[in-house]
Amino acid sequence: MMSKTPVQSDALAALRVRIDQLDQQLLSMLNQRASVAKEVGEIKRAEGSPFFRPDRVAQVIQKISAANPGPLLNDHVAAIWREIMSACLALESPQRVAVLGPQGTFCEQAALEFFGSAAELIYCANFDEVFHATTAGTAQFGVVGMENSTEGVVARSLDLFLRSPVHVVGEVSLLVRHNLLRLSNSLQDIEVVLAHPQALAQCQGWLSQHLPQAERRAVSSNAEGARLAASQANWAGIASERAAAQFGLHTVAHAIQDEAYNRTRFAVICLPQTMATPSASGRDCTSLVVSVPNRPGAVHDLLVPLKNHGVSMTRFESRPAKSGQWEYYFYIDIQGHISDAPVIAALKELQGLCAFYKVLGSYPVTD
């Protein structure tokens with residue numbers, strides 16, 4: 001290895017001094033921003049207006065990214081500003097967010113991407129508890145899985161939306177990479193693999209090839225599987241790198257999901273009195289659940305209003321009504337905001353055809 005020349009060492013020392021000076025300037029300006037944010041919080045408190053506005057966060061990040069001269073990448077600028085705004089919001093009013101626990105779940109990761117790390121996370125054993133905490137006011141918001149690009153919808157979340165008063169105000173689309181975690185850095189002598197049922201399904205090809213004799217045991221979350229794997233030498237969990245760090249596990253195999261492009265879509269939920277429907281952003285999704293009388297052609301008729309008014313449908317799922325009469329609820333996602341004229345016209349016509357009709361939310365979509 002070549003040693004630094006005196007000139008190089010002097011230049012490096014000068015650059016480090018410059019960086020230290022810039023850090024102090026940044027810290028001073030961030031605290032100035034935080035002071036202004038506290039004043040904003042006092043005005044919001046007096047007016048009774050919501051503290052957290054994801055549309056405002058998106059506007060600020062979009063404006064900053066558009067003005068970014070580089071060399072920082074826009075994705076990195078967006079991440080930095082989301083954390084700055086999260087820290088400032090915590091001074092106004094910390095946001096309590098219910099997520100699937102324990103620490104290290106992809107649900108937790110989705111919440112941090114949406115709210116920033118200053119949010120106060122409330123860890124729940126299952127999605128039922130996330131809905132209950134959000135409905136009861138223990139949490140102001142909740143984050144729940146909606147669908148996976150490989151395995152389809154999270155059925156329990158759809159069922160819970162049916163009777164819950166919460167609505168969807170945002171979404172997070174998360175690239176999911178599953179890793180095999182274990183106390184020892186070896187694939188030898190693994191007897192049990194623990195993970196959420198969807199994760200086990202998403203990795204079944206890899207597991208069949210590399211661990212055909214191991215029992216596949218479903219648990220409430222991937223992070224719970226990692227926690228349990230940390231207690232038994234012959235057990236392994238399928239979870240995120242965050243979970244590996246959280247529970248002191250080795251990553252024995254990286255990215256073992258069968259599909260490389262594996263994304264999970266999470267919904268951000270709250271009571272309408274906590275946050276009203278976000279304003280139209282220009283790239284929105286409207287979600288609803290409906291049922292129709294059990295007669296020939298009834299399901300086909302649901303699609304006609306959308307076609308007549310030029311509204312695109314992006315998802316159509318059915319779930320049993322559990323009435324014993326072979327009746328179904330249909331979960332539909334359409335492009336556009338509930339305030340858009342074509343959507344208003346299509347939904348008005350569609351509602352007239354339904355025995356049951358409920359809008360689950362109208363919110364900005366993510367890439």
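A residue is called buried when its relative accessible area is under 20%, exposed when over 50% and partly exposed in between (1.4 Å probe, protein chains only). The structure is a predicted model, in which local features need pLDDT of at least 70, side-chain atom pairs count only at pLDDT 80 or more, and totals for chains, interfaces and linings use all residues. Residues are numbered from 1 along each chain as its sequence is written, and side-chain values use heavy atoms, with hydrogens and water left out.

Rings of Phe, Tyr and Trp (its six-membered ring) pair if their centres lie within 6.5 Å; planes under 30 degrees apart count as stacked, over 60 as edge-to-face and the rest as tilted. Two of these pairs are tabulated below.

| Pair | Centre to centre | Angle between planes | Class |
|---|---|---|---|
| Phe 52 and Phe 115 | 5.0 Å | 35 degrees | tilted |
| Tyr 329 and Phe 356 | 5.3 Å | 75 degrees | edge-to-face |

Phe 52 lies in the loop between α1 (6-47) and α2 (54-66), while Phe 115 belongs to helix α4 (residues 106-115), so that this pair links parts of the chain 63 residues apart. Helices (H or I, at least four residues) and strands (E, at least two) are DSSP runs, numbered from the N terminus. Phe 52 is buried at 5% relative accessible area, and Phe 115 is buried at 5%.

Tyr 329 counts as buried at 12% relative accessibility, whereas Phe 356 is partly exposed at 22%.
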